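Thanks for coming, everyone. Please bring up the sequence and the model, and I will walk you through them.

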Amino acid sequence: MIAHKRFLSRRAQQGPASAAAFILLIVVCHPAWLMAQSGDLSASSAVARSAEAEPIAVRILAGRSAIVDTGSPITRVSLTSADVADALVTSASQLLVHGKTPGTISMFVWDRGGAIQRYEVSVSRDVAKLADQIHQLFPKESIAVESNGRNIVLAGSVPSKEIADRAVDVAAGFTDKRDEVVSLLQIAPLSVPTNQVLLRVRFAEVSRSALTEAGLSFFTSPTGVQNTLGRVTTEQFPAPGFEDLKYAKDSSAFGGPVKSAEGKFTFGDFLNLFLFSEKYDIGLMVKALQSRGLFQSLAEPNLVAESGKEASFLAGGEFPIPVLQGNGANMGITVQFKEFGIRLNFTPTVVDGDRVHLKVRPEVSTLDFNNAVVLQGFRIPALSTRRTETELELRNGQTFAIAGLLNNRLNSTLQKIPGIGDIPILGQLFRSKAAQKDRTELVVMITPEILRSDSSGVTPVLPKLSEPYLSAPQDDKSIASPPPAFQRTPRP
């Protein structure tokens with residue numbers, strides 16, 4: 001027991017000295033391990049510091065490039081979106097950044113020491129050229145051009161909506177889509193009131209038509225002539241037919257006499273002249289018809305428009321058109337409406353106070369069922385349209401006319417029986433002819449009248465009615481109440 005205690009006390013006395021010696025031995029024999037541990041700690045702290053550092057801003061125009069000097073050897077480069085910008089390593093510490101489309105992305109660059117540098121790459125449109133072009137095209141207008149990401153922003157004030165729309169059209173040429181142009185242009189109020197223009201228009205349409213028809217048809221009675229049936233026609237006009245024909249013979253031999261015969265006539269049209277001889281069992285139908293028609297329409301629209309503004313007028317209607325939409329099993333028919341009638345579009349501009357520059361486009365369209373198209377049970381009519389468009393300059397109250405809009409059509413059809421129809425004089429009995437002539441003439445008369453800014457305008461008095469719709473109630477009389485709908489009958 002005593003020896004064992006001495007050993008324990010001796011080991012206890014040697015413990016601190018041996019531990020110190022062990023630590024000293026590790027330090028002397030393995031210095032690289034301690035250096036590696038300290039190196040990892042310093043690298044991680046450097047990466048953390050570089051990640052927390054503020055990003056460096058790089059601004060590039062779309063389609064342009066810029067050189068970025070990192071100041072240290074580059075080992076790796078990463079961009080969040082290659083569609084906005086692209087980077088190319090040109091030397092050990094330089095990058096070539098190329099802008100593609102407007103936008104903002106992040107670019108990370110690693111050096112050999114493991115440090116990371118973050119860049120904010122902003123690609124914008126080159127609006128300087130657009131601004132110069134707008135200032136050249138609109139020198140009197142104050143229009144500012146700015147870039148906002150993918151969009152181009154136009155701001156300022158212009159005197160009219162037409163100038164604002166034209167500025168947007170010019171800016172749309174610098175973008176892929178027109179929707180990428182944002183217009184913040186405001187219409188400035190006019191300091192001086194503008195003149196109005198009253199346009200008096202008269203449409204006159206005259207349509208004439210002439211129709212001539214002539215033809216003959218010969219036929220026998222249903223029992224025939226000497227037991228022989230016959231009919232001669234060119235089929236251009238309806239001819240009589242035979243129904244329920246019956247006959248009886250004593251024998252079935254060829255050429256045997258007919259004992260009895262009966263039948264019926266059928267007529268689709270008696271035409272103009274019908275002759276039938278019961279004695280000789282021969283009939284004649286004559287088609288001889290001449291018709292003439294006259295149609296005249298007149299419209300007098302009066303429109304008032306501001307100088308430089310467009311006005312339109314339509315007197316007519318709309319007709320439905322079936323439209324097939326979809327594909328495969330999801331096909332369906334929808335209905336769209338198309339306008340027809342008398343239409344007028346015009347744009348007046350007052351010049352030098354007493355002259356009016358006019359841009360007019362009158363149009364007259366009617367439904368044409370002769371050229372209609374039948375599609376899946378729908379009959380879609382065609383449109384017969386007369387249209388003209390012109391620009392001219394008139395004095396106040398001066399009238400000009402657009403005439404000569406003629407439409408002449410001639411349709412002639414001749415049918416005959418070959419051989420017999422070619423015989424002189426006699427061949428006229430075996431011919432039929434139909435001829436139709438149509439002529440339409442349109443005249444448009446336009447008179448502009450300048451309404452000054454101090455004009456009193458039209459009269460406020462409404463047109464007088466020859467007969468009032470309802471008589472005015474009288475104050476001293478009351479209207480009797482109507483009798484009850486159901487009355488009780490007294491019980492007996």
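How many cavities of 30 Å³ or more does the structure hold? One. The largest cavity has about 40 Å³ of space in it. Eleven residues line it, and the closest to its centre are Gly215, Leu216, Ser217, Thr233 and Phe237. Two elements, E11 and E16, each give two or more residues to that lining. E11 gives the most, with three. By class, the lining of this cavity has four nonpolar residues, six polar and one charged.

Before I go on, a word on what you are looking at. This is a predicted model. The mean pLDDT of the protein is 76. Of its residues, 78% reach 70 or more. Now look at residues 1-49. There pLDDT stays under 50. For that stretch the model has two contacts beyond four places in sequence.

Now the overall picture. The protein has 492 residues, and buried ones make up 25% of them. It has four helices and 24 strands. The protein exposes about 33,800 Å². Carbon and sulfur atoms supply 55% of that area.

What is the volume of the largest pocket? About 490 Å³. It is lined by 24 residues. Closest to its centre are Ser207, Thr366, Ser384, Arg409 and Thr440. Which elements give two or more residues to this lining? They are strands E11 (196-220), E16 (282-299), E19 (332-351), E20 (355-375), E21 (378-387), E23 (400-416) and E24 (431-451). E20 gives the most, with seven residues. The pocket lining divides into six nonpolar residues, eleven polar and seven charged.

Leucine 199 is found in it. Is leucine 199 buried or exposed? Buried, because its relative accessible area is 0%, and the cut-off for buried is under 20%. What does leucine 199 touch, not counting residues up to four places away in sequence? The list is Pro301, Asn302, Leu303, Leu344, Phe346, Leu358, Ile446, Thr447 and Pro448. One more pair to look at is leucine 199 and glycine 397. In sequence they are 198 residues apart. In space, C-alpha to C-alpha, they are 9.4 Å apart.

Move along to serine 221. It lies in the loop between E11 and strand E12 (231-232). Serine 221 counts as buried, because its relative accessibility is 3%, and buried means under 20%. Leave aside its neighbours within four places in sequence. Serine 221 is then in contact with Leu229, Phe242, Phe265, Phe276 and Asp281.

Where is aspartate 244 found? In strand E13, residues 241-249. Aspartate 244 is partly exposed, since its relative accessible area is 47%, and that class runs between 20% and 50%.

Last stop, strand E19. Phenylalanine 337 is found there. Is phenylalanine 337 buried or exposed? Exposed, because its relative accessibility is 53%, and exposed means over 50%. Not counting residues up to four places away in sequence, phenylalanine 337 touches Glu318, Phe319 and Pro320. Take proline 320 from that list. Along the chain, phenylalanine 337 and proline 320 are 17 residues apart. Their C-alpha atoms are separated by 4.5 Å.

To recap, the largest pocket has a volume of about 490 Å³, and E20 gives the most to its lining. The largest cavity holds about 40 Å³ of space, and there E11 gives the most. And keep in mind that over residues 1-49 pLDDT stays under 50. Thank you.

How values were computed: Residues are numbered from 1 along each chain as its sequence is written. This is a predicted model: local features need pLDDT of at least 70, side-chain atom pairs count only at pLDDT 80 or more; totals for chains, interfaces and linings use all residues. Side-chain values use heavy atoms; hydrogens and water are left out. On a 1 Å grid over the protein atoms alone, a cavity is a set of points where a 1.4 Å probe fits but cannot get out, and a pocket is an open set with protein on both sides within 12 Å along at least five of seven lines; lining residues have an atom within 4 Å of a point. Grid points are joined across faces, edges and corners, and a volume is the space filled by probe spheres set on the points. Ala, Val, Leu, Ile, Met, Phe, Trp, Tyr, Cys and Pro count as nonpolar, Asp, Glu, Lys and Arg as charged, and the others, Gly among them, as polar. pLDDT is the predictor's confidence in each residue, from 0 to 100. Contact means heavy atoms within 4.5 Å. Buried means under 20% relative accessible area, exposed over 50%, partly exposed in between (1.4 Å probe, protein chains only). Accessible areas come from the Shrake-Rupley method with a 1.4 Å probe; for residues, only the protein chains shown count as cover.
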